[in-house]
Amino acid sequence: MKMRVSAVQYHLHTIHSFDEFARQVEHYVKLAEEYETEFLLFPELFTTQLMSIGDEQGNPLTINDLPSFTESYLNLFTTLAQRHQMHIIGGTHIIEDQGRLYNTAFLFYPDGRVAQQRKIHITPWEIKGWNMGAGDDLQIFETEKGKIALIICYDIEFPELVRMAKARGADVIFCPSCTDDRHAFHRVRYTSHARTIENQVYVVLTGTVGSLPTVDFMRANTGQAAVLTPNDIPFPPRGVLVEGEMNNDMLVTADLDLQLLYEVREKGSVTTWRDRRIDLYPDWK
């Protein structure tokens, strides 16, 4: 079975209305449709662009204002997923639940269903700057092309999460990220690639590019989308199916052959998933 995936290097810039945000989102969705994309990934925290709209006095909005856009965000992406018959991972958006903020990824199905995954590991700046809460459960999502997981940025740096996702049947990991400098970008990129080798899965990764000069903690962005594979003979030697141009506004697209994963797990040059020593360390369920 094959699935076509695309990832958006989303360009952050100051906007003045939700409609302006919606038009930019729809542009990427329509572009992906031209490539017959089945799964489209937006980056983490890209809805912080809405904070640049500002209030009636011209002051930038704060992170506490972002949940007020949740209904509009959900309606927009639900409509687009249905209209274009596409699975859309709508990056992440900040929601409020019982007085706490949560950095949350959403999966929008072509039939109108909506699922979500809260970020589980919270970075120090998310706590200090935004007082973000942490999710406490890893979801596995059933789709017509198989099981997938949404692992959000910093979460990919913890190997246990992807090991759990693979143990529960996920073959493709979608990783929306948002990183300010090259140090942070490479932490996410290198660990994403490590996860493909450890678990013999695909990782689809993307991040934000551009700048929001009026939004705290979003003034700098370093991003590059990539579709990563295990490093074995059926795949490219570097384990990269496709990657974008660093910090450019663009879309990348690739076809994932799930059968190749099943084959390398059984008879690849290395069989890392099969060979794990669960007699020495715990397995993940």
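Strand β8 (residues 146–150) gives the largest share of the lining of the largest cavity, with three residues. Strands here are DSSP runs of E, at least two residues long, and helices are runs of H or I of at least four, both numbered from the N terminus. This is a predicted model, where local features need pLDDT of at least 70, side-chain atom pairs count only at pLDDT 80 or more, and totals for chains, interfaces and linings use all residues. Residues are numbered from 1 along each chain as its sequence is written, and side-chain values use heavy atoms, with hydrogens and water left out.

There's one cavity of 30 Å³ or more in the structure, and the largest cavity holds about 30 Å³ of space. Its lining is made up of M3, K145, G146, K147, I148, D171, V172 and L258. By class, that lining has four nonpolar, one polar and three charged residues. (Ala, Val, Leu, Ile, Met, Phe, Trp, Tyr, Cys and Pro count as nonpolar, Asp, Glu, Lys and Arg as charged, and the others, Gly among them, as polar.)

On a 1 Å grid over the protein atoms alone, a cavity is a set of points where a 1.4 Å probe fits but cannot get out, whereas a pocket is an open set with protein on both sides within 12 Å along at least five of seven lines; lining residues have an atom within 4 Å of a point. Points are joined across faces, edges and corners, and a volume is the space filled by probe spheres set on them.

## The largest pocket

The largest pocket has about 320 Å³ of space. It is lined by 19 residues, with W125, C178, T179, D180 and A184 nearest its centre. Helix α5 supplies the largest share of that lining, three residues. Nine of the lining residues are nonpolar, three polar and seven charged.

## Helix α4 against α5

α5 (residues 182–199) also packs with α4 (residues 159–167), at an angle of about 40° and with the axes 10 Å apart. Axes are lines fitted to C-alpha atoms, for helices over the stretch in contact, and angles run from 0 to 180 degrees between N-to-C directions. The two helices are therefore oblique to each other (under 35 degrees is roughly parallel, over 145 roughly antiparallel, 65 to 115 roughly perpendicular, and the rest oblique).

On the α4 side, P159, V162, R163 and K166 meet R195, E198 and N199 in α5, where contact means heavy atoms within 4.5 Å. These contact residues divide into two nonpolar, one polar and four charged.
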